[in-house]
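Notebook open, structure loaded. I want to look at some helix packing and some aromatic pairs.

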Amino acid sequence: MIEYIKGELADVTPAYAVIEAHGVGYGLNISLNTYSAIQGKKEVRLWVYEAIREDAYVLFGFATRQEREMFMLLITVSGVGANTARMILSSMTVAELCNVISTGNEKLLKGVKGIGLRTAQRIIVDLKDKIVTSGIAQELPSNAGQSTPLVNNSVKDEAVGALTMLGFAPAPSQKVVVSILQQQPDLPVEQVVKLALKQIK
């Protein structure tokens, strides 16, 4: 079992990283949170989850051990596959997700692409106790549960829609757009999209 891969960051996109270690290039699927954490770095260490299927051998990489633990908890929930779990972890941080699960905020979970009401409820029911017993919630910073500022939903939705039409995945687009609107809540849609295009690449 591969615990982590440490080496030179040879290539990175918001969804995929290539780490060269001892002459071997390892391709890892990553979340937007991990992308933000490793972007611009020369040498990185990513915690690894190996998804071994009949038709594929896929590696998922995580900037922190907590994110990997949360990913592994998410994929134990019926109806949540590896790509859906990565989408969830691209839409919110581990701290935010812990807060969503512990407060039973199914509406926020349902906002993630590919998550319906039933799956959101199942995640909350299945993982509410597990995030406590696994220790993930305790390992996070004390301000983890604080709610993030509200953003203008119509501007957010329009900007995410525009980015999606340009070929960007919805989850990373939403993450970047929300971050921009939290810092500059009065920006018009076109300015948000312009800023997002600079950050999302």
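For contact I take heavy atoms within 4.5 Å of each other. I keep in mind that this is a predicted model.

**Entry: α9 and α10**

I looked up which residues meet between the two helices. From α9 I get Val155, Lys156, Ala159, Val160, Leu163 and Thr164, and they meet Pro170, Ser173, Gln174, Val177, Val178 and Leu181 of α10. Sorted by class, this contact has eight nonpolar, three polar and one charged residues.

Next I checked the geometry. The axes of α9 (residues 153–165) and α10 (residues 170–183) come within 9 Å and cross at roughly 140 degrees. I count anything over 145 as roughly antiparallel, so I put α9 and α10 down as oblique to each other. Their crossing is right-handed.

**Entry: Val189**

I then turned to Val189, which sits in helix α11 (residues 189–200). Is Val189 buried or exposed? It is buried, at a relative accessible area of 17%. Beyond its neighbours within four places in sequence, Val189 is in contact with Val155, Glu158 and Ala159. Val189 and Ala159 are 30 residues apart in sequence, yet 5.7 Å apart C-alpha to C-alpha.

**Entry: aromatics**

I found four aromatic pairs in the structure. In one, Tyr4 and Trp47 have ring centres 5.3 Å apart and planes at 70 degrees, so I call the pair edge-to-face. It links strand β1, which holds Tyr4, with strand β4, which holds Trp47, 43 residues apart. Tyr4 is partly exposed at 39% relative accessible area, while Trp47 is buried at 8%.

Phe60 and Phe71 make a tilted pair, 5.1 Å centre to centre with 35 degrees between the planes. I also noted one aromatic cluster formed by Tyr49, Phe60, Phe62 and Phe71.

Notes:
Residues are numbered from 1 along each chain as its sequence is written. This is a predicted model: local features need pLDDT of at least 70, side-chain atom pairs count only at pLDDT 80 or more; totals for chains, interfaces and linings use all residues. Side-chain values use heavy atoms; hydrogens and water are left out. Helices (H or I, at least four residues) and strands (E, at least two) are DSSP runs, numbered from the N terminus. Buried means under 20% relative accessible area, exposed over 50%, partly exposed in between (1.4 Å probe, protein chains only). Axes are lines fitted to C-alpha atoms, for helices over the stretch in contact, and angles run from 0 to 180 degrees between N-to-C directions. Angles under 35 degrees count as roughly parallel, over 145 as roughly antiparallel, 65 to 115 as roughly perpendicular and the rest as oblique. A crossing is left-handed if the near helix is turned anticlockwise from the far one by less than a right angle, and right-handed if clockwise. Ala, Val, Leu, Ile, Met, Phe, Trp, Tyr, Cys and Pro count as nonpolar, Asp, Glu, Lys and Arg as charged, and the others, Gly among them, as polar. Rings of Phe, Tyr and Trp (its six-membered ring) pair if their centres lie within 6.5 Å; planes under 30 degrees apart count as stacked, over 60 as edge-to-face and the rest as tilted.
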